[in-house]
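Hi,

Here is the structure I promised to pass on. Have a look at it first, and then read my notes below.

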Amino acid sequence: MPLKDRMPDPATPPGSRTKARVTAIPGDGIGPEVMRATRQVLDAAGARLEWEEALAGAEAFRRGIASGAPRETLDSIERNGVALKGPLETPVGYGETSANVALRKTFEMYGNIRPVRELPGIRTPFSGRGIDFVVVRENVEDLYAGIEYMQTPGVALGLKLITEPGCERIVGLAAALAAAEGRRKVTVATKANIMKLTEGMLKRVGERVLMEHPALQHEHMIVDNCAHQMVIRPEQFDVVVMTNMNGDILSDLAAGLVGGLGVAPSANLGDRVAMFEAVHGSAPQIAGKGLANPTALLLSSLMMLRHIGDFATARRVEHALYVTLEEGRELTGDIAREGPGASTGAFVDRVIANLGRESALVPAREYRPIALRQWPQVTWSRAVASREMAGVDVFIETDQDPETIGGSLAAMAEGSAFTLTAIGSRGAQVWPATGGHSFLVDQFRARFLFRTPPEGDATTAITDLLQRIGREYRWMHLETLQRFDGVAGYSVA
Ligand code: NAD
């Protein structure tokens, strides 16, 4: 069922609305405490929600569920389309994966959204700067696809996988989010100057997609400068979009600007499902002691209310929370201005007591639902007019020196369809010698180019080359060098 059909119509008066059903996953450690606190506040504020509680995390692992998320939980999320989740412990020693990653991947929640906004009463070196931006992080591709190999006993390789539709979706989401929150600028931050194909893909696709949104300003920023700018002049940002790992690191940096992970909310969005959660973990040291601060999950639940179209309740709770933080009475220990701080329960009571009060510090922002594009359920591919194979890179394991390897691979290629053009070690050319001083390890990449472009399938020629190489060297990896529409689809040494 499309998401909009499951949600209450925001135009309908609250009293007459049907309730939106939400999967609530309390999670581990302090999770149940902050979930209870959040539900208490939302219920007191009159949110028309029906909670369906579901299990995930440590208890699921203990029951032998390798993903950490039982079938009933997945079914509940699938049915409801919206989940509020407490932190899930990643057990060390048992369970095969992280339940968080399993949920993200199962539902292809490709967009991670992390608002970064100064909160009243939370003093940081950046207080008063008016920080108010959103980090949009691609959530499923990149180095986090988890495609890793030991190429030799001492050399590990991880593949950075970036796709064109992956970039299109995440930039499209950044633009949709900007429109929904009345934001004006999208910064695409990449490392395209070094990783021209992978990070360059986000830059190129970003420029194309954002050209379709003339009301939005857009810019590109090299991601390391973006980290620097976030610290030097964070108020310049509005929406920042990044690939998975860059987004992971910079969203934590950004959270640090406004009070840290303990007060940072987030949303994971996909076509079918949206899951809202605090950024912090299960804080096992303080679990069960009534010390946990529920602010981050409460802020995440406001993102959830806006997602389902209940803007009025979100606004009411946001004001009550801001008044509470601003007045500074009954704050939990992690953010208390003095003394040991109040209990989770006392903080919640204070927020509930403040419902109906208004804070001048809540930014005036008109929210609208995020208009997410639905992606067709087909295998995506890009058509090209021409493609040709230029050669192959063969990765070999040897402890010989580059001159010896170059001499013998060049001799092996004689009489084959290929000629050896270069050998690299850890990305630097070591044959023919360049005069550089590369440290050498037992993994080399040998680049062979076709003497004449092959007609049709090149498998026989490649197999012949591998057989020649295999007589003397252990090879562990082969990559074909392709040109699409005349453009080299590989990095040039
Ligand atoms: P953590 O966020 O649980 O704790 C870091 C520090 O912040 C601790 O001092 C903790 O007491 C404090 N803290 C965190 N949240 C708080 C809150 N709401 N109120 C008051 N203090 C708070 O990080 P960690 O110790 O690295 O991780 C603990 C567990 O949580 C691990 O198993 C980890 O895998 C898991 N984890 C889960 C998620 C998630 O589910 N999204 C995220 C991060 C970590």
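Axes are lines fitted to C-alpha atoms, for helices over the stretch in contact, with angles from 0 to 180 degrees between N-to-C directions. Helices (H or I, at least four residues) and strands (E, at least two) are DSSP runs numbered from the N terminus.

Two housekeeping points. This is a predicted model, where local features need pLDDT of at least 70 and side-chain atom pairs count only at pLDDT 80 or more, while totals for chains, interfaces and linings use all residues. Residues are numbered from 1 along each chain as its sequence is written, and side-chain values use heavy atoms, with hydrogens and water left out.

Now the sheet. Six strands make an open, antiparallel sheet in the order S15-S14-S16-S13-S17-S18 (strands pair if DSSP finds at least two bridges between them). S15 (428-431) and S18 (487-488) are at the edges with a single partner strand each, so one side of each has no neighbour in the sheet. Further in, S13 (residues 387-397) and S17 (residues 474-484) run antiparallel and are joined by ten bridges, with Glu 397 opposite Arg 474 in S17.

Two helices lie across these strands. H14 (residues 459-470) lies across S13, S14, S16 and S17, at about 15° to S13. H13 (residues 402-413) lies across S13, S14 (418-425), S15 and S16 (443-450), at about 160° to S14.

On to the aromatics: searching the whole structure gives three aromatic pairs (ring centres of Phe, Tyr or Trp, the latter by its six-membered ring, within 6.5 Å; planes under 30 degrees apart are stacked, over 60 edge-to-face, the rest tilted). Phe 418 and Phe 448 have ring centres 6.5 Å apart and planes at 75°, so they pair edge-to-face. Phe 418 is in S14 and Phe 448 in S16, 30 residues apart, so to speak linking distant parts of the chain. Phe 418 is buried at 0% relative accessibility (buried is under 20% relative accessible area, exposed over 50%, partly exposed in between, with a 1.4 Å probe and protein chains only).

Last, the charged end of Arg 306 sits over the ring of Tyr 367, 3.8 Å from its centre (NZ of Lys or CZ of Arg within 6 Å of the ring centre and within 35 degrees of the ring normal).

Cheers

Technical notes:
Contact means heavy atoms within 4.5 Å.
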